[in-house]
Amino acid sequence: MKTLGQVRHRNLVPLLGFCIAKKEKLLVYKHMPKGSLYDQLNQEEGCKMDWPLRLRIGIGAAKGLAYLHHTCNPRVLHRNISSKCILLDEDYEPKISDFGLARLMNPIDTHLSTFVNGEFGDLGYVAPEYARTLMATPKGDVYSFGVVLLELITGEKPTHVSTAPENFRGSLVEWISYLSNNGLLQDAMDKLLIGKDTDGELMQFLKVACSCTLATPKERPTMFEVYQLLRAIGERYHFTADDDLVLSPLNTDGETLDELIVAK
């Protein structure tokens, strides 16, 4: 918590303080007027966010998590990424919060990345390998973030898909996998976003999300790669013209956007 209190980044909610008293744990953050991304996507009157805004939120959140994984010193595993922990300020700039399960990445003290008391994070976001290994990894965060990207592009909840047949009882990731295996991936997109001359961007975004939620951890991209892929999709919007993050490319050899998507 002391380390996180010293971390400052545009896409991380400033941690103002924390308190631990017996079994109670309290984190104090700066107020975010627009609430959580989950709330914005699941309003009773329907989601009001258009595609450019959803894309900007995805890019900003990816940048914040990539900073934690690759640039922050020491590097940080979040372990609880979800649309509920991505808060939005008055301009809808995404800020990652909720570091209650976070752990520092230390190559020597590997036990720091194991789960404590079975705390895995929110249902629907947990990487499939966690139940088997009980070990948190950066690729686990990538999986959780991929679910968030799926929420942005589909408008669906991670544990309930309203557009699926009544007999379907799986998660959003399982529904997307089913559509992909049957050549119906385009059917996953939020109908409010289709037909506005951005269908190509929607499909690229969806493919990035799918690559993040692959069952095998080593086949998923790193958060640096995810950020670069999303940034390339949103290049024409100039979202990152004032980019305040310089990341060192890890495991990338100058591949193009399509090459990285196909490779992953």
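Search the whole structure and you'll find five salt bridges, a salt bridge being a side-chain nitrogen of Lys or Arg within 4 Å of a carboxyl oxygen of Asp or Glu. Keep in mind that this is a predicted model, where local features need pLDDT of at least 70, side-chain atom pairs count only at pLDDT 80 or more, and totals for chains, interfaces and linings use all residues. Residues are numbered from 1 along each chain as its sequence is written, and side-chain values use heavy atoms, with hydrogens and water left out.

Let's start at Glu93. Its side chain meets that of Arg10 in a salt bridge (3.3 Å, N to O). Glu93 lies in the loop between β4 (86-88) and β5 (94-96) and Arg10 in the loop between α1 (2-6) and β1, so the pair ties together parts that are 83 residues apart in sequence. Helices (H or I, at least four residues) and strands (E, at least two) are DSSP runs, numbered from the N terminus.

How much of each residue is covered? Glu93 counts as buried because its relative accessibility is 10%, while Arg10, at 26%, is partly exposed. Here buried means under 20% relative accessible area, exposed over 50%, and partly exposed in between (1.4 Å probe, protein chains only).

Glu93 also forms a salt bridge with Arg56, with the closest N and O atoms 3.3 Å apart. This pair links distant parts of the chain, as Arg56 sits in helix α3 (residues 51-71), 37 residues from Glu93.

Now hop over to Arg236, which forms a salt bridge with Glu201, their closest N and O atoms being 2.6 Å apart. Arg236 is exposed at 51% relative accessibility, whereas Glu201 is buried at 10%.
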